[in-house]
Amino acid sequence: MSLTRSDIDKIAHLARLELTEAEIPIYVDSLSRIIDFVGELDRAETQGITPMAHPLPGLAQRLRADVVLEIDQHERFQRNAPQVEAGLYLVPKVLE
Amino acid sequence: MSALPVQARTLAGLAKGLKQREFSSVELTRTFLDRIASSQPVLNAFVTVTHDAALAAAAVADRRLERGEAPALTGVPIAHKDIFCTEGVLTTCGSKMLSNFVSPYDATVVTRLKEAGTVMLGKANMDEFAMGSSNETSHFGPVRNPWNTAMVPGGSSGGSAAAVAARLAPAATATDTGGSIRQPAALCGVTGIKPTYGRVSRYGMIAFASSLDQGGLITISAEDAALLLGAISGFDPRDSTSVEAPVPDYTATLADSLAGVRIGLVREFFDAGLDPRCEARIREALTVYEKLGATLVDVSCPNLPLSVPTYYVVAPAECSSNLARFDGVRFGHRCENPKSLVDLYRRSRGEGFGAEVKRRIMTGTYVLSAGYYDAYYLKAQRVRELISRDFAAAFGHCDVLVGPTSPTPAFPIGAKTADPITMYLNDIYTIGANLAGLPGMSIPCGFADGLPVGLQLVGPHFSEARMLNIAHRYQTETDWHLRVPAAFA
């Protein structure tokens with residue numbers, strides 16, 4: 001299967017990735033080849049097989065008790081943030 | 001003070017020397033720091049060296065050793081793959097995206113190794129976000145193979161493997177999503193163990209594909225791996241997939257007899273893609289096992305050839321979801337002068353991620369997108385089930401599977417970067433264990449034209465003790481694991 005430039009534009013937008021002009025043809029080519037490659041899976045007979053979502057069969061997802069374990073450390077965590085003011089993360093204006 | 005001849009000892013040997021006060025942890029740590037500094041321009045195995053903190057921790061360890069109250073690994077220096085969060089220390093995951101990220105907390109693996117007394121030397125280089133099989137996708141440049149610096153060390157834990165091979169550290173932590181511990185261990189001639197999914201906490205281990213990722217170790221010997229695995233294994237309430245099962249003393253059964261052990265040879269592991277020089281080394285290793293009393297059984301996993309395409313649906317799908325957290329808002333790289341929130345996301349991510357990471361995020365986005373989810377993602381999850389059933393059936397006839405870790409020895413830097421699928425096929429023998437959540441190891445079993453060859457072991461869930469025993473008995477009969485590249489001997 002061959003992906004087009006507009007397919008790549010759409011995927012890149014869904015993934016919120018800005019691509020340069022030079023990158024686009026590279027991804028058109030390599031993603032097309034990867035999609036062909038994974039198309040080999042069509043060979044497998046999988047009728048009636050349950051999709052495997054967890055590598056340890058029979059183990060249910062564990063839930064923790066609904067109690068507070070974490071203390072407020074936002075100042076510490078926000079030291080890695082690019083832009084913070086009054087304990088809030090700053091982003092460009094969303095509403096006019 | 002002259003440098004200690006650390007290259008001649010395993011981690012177990014160094015721990016013993018510390019206990020018996022043959023040398024101090026400060027002397028030992030300084031020796032490894034010097035080896036790292038002199039090798040760095042050649043190998044590029046580290047992203048960060050925590051020189052002063054290492055010497056300070058070593059001095060503390062020496063005081064505890066003097067008081068005789070120290071746990072077994074006190075004062076032993078180790079390296080951490082730069083995927084593990086380390087409090088107050090740069091944690092980059094090999095990416096420009098995190099090139100400014102100082103972790104506010106320690107990964108559970110890091111905490112447990114600290115509590116066991118180890119001293120951190122620094123953070124090992126790796127493929128960006130663990131996506132790669134050659135260490136060439138690192139934002140911080142490729143790592144070189146200590147056996148031949150024109151060659152790749154394998155990946156994604158290439159820095160960890162090169163560091164142990166060149167004896168820049170006696171052991172290093174590592175992670176394995178599709179072979180990222182075992183393949184570099186094979187290519188660098190060292191021992192690597194990827195435990196059962198859920199055995200080792202993933203808390204603080206930067207996520208790539210959460211149903212496949214598992215932390216583990218790269219070491220000189222199986223005995224060293226047993227010592228360290230005991231320290232990092234076990235239930236962690238902070239990882240919801242951590243398994244609540246007791247951790248055995250992995251060192252207690254290392255010397256057990258192999259009489260009657262059934263070794264399964266998976267037909268699909270000996271396919272046309274296997275380099276005949278590697279196959280010859282694997283067959284020689286099998287004769288060693290026969291001498292040790294093991295019997296060889298032929299088994300087949302007919303769906304195993306589909307493991308690479310299965311992986312390249314499942315892993316990118318999970319990666320596209322996990323890496324959505326890098327948004328330029330809370331941490332990591334942020335673009336200059338964003339015009340809108342979407343512009344902020346798009347440019348921060350476009351600039352912060354490298355080519356292979358973007359390729360996998362887009363592959364994952366595509367296979368999860370409307371209209372393709374059933375055809376690709378659900379189909380791959382179904383084939384994953386078939387592959388797991390193949391392994392389960394094989395373990396009805398044998399105790400462990402043995403075969404090659406990688407189809408070839410180390411290849412030249414740049415040789416496989418043009419075509420992603422050629423690179424992906426390096427992991428053809430290792431991916432199956434991740435899909436099925438099984439533990440796997442790679443141990444050195446000889447050389448092909450001067451480059452190391454790895455023997456892979458894959459066992460049933462939670463059979464680490466048995467696998468370490470099977471690896472250790474081979475290492476008592478051979479000395480491949482003790483060989484050190486001439487430039488670092």
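Good morning. The model is predicted, so local features need pLDDT of at least 70 and side-chain atom pairs count only at pLDDT 80 or more, while totals for chains, interfaces and linings use all residues. Residues are numbered from 1 along each chain as its sequence is written, and chains are lettered from A and ligands numbered from 1 in the order in which they are written.

I begin with the domains, whose bounds come from an automatic or database assignment. In chain B, domain 1 covers 6–264 + 398–488 and domain 2 covers 305–383. Their C-alpha centres lie 27 Å apart. The contact between them (C-beta atoms, placed from the backbone, within 7 Å) takes 27 residues from domain 1 of chain B and 22 residues from domain 2 of chain B. On the domain 1 side, H14(B) gives the most, with three residues; helices here are DSSP runs (H or I, at least four residues), numbered from the N terminus.

Next, consider helix H12 of chain B, residues 373–394. Why do its ends lie where they do? At 1.5 Å a residue (times one less than the number of residues), its 22 residues should span 32 Å, and the end C-alpha atoms are 31 Å apart, which agrees. H12(B) also has a kink of about 25°, centred on Lys379(B); the bend is the angle between axes fitted to the seven residues ending there and the seven starting there.

Finally, H12(B) supplies the largest share, 11 residues, of the side of chain B that touches chain A. That contact takes 54 residues from chain B and 40 residues from chain A.

How values were computed. Contact = placed C-beta atoms within 7 Å. Helix = DSSP H or I, 4+ residues; strand = E, 2+ residues; numbered from the N terminus.
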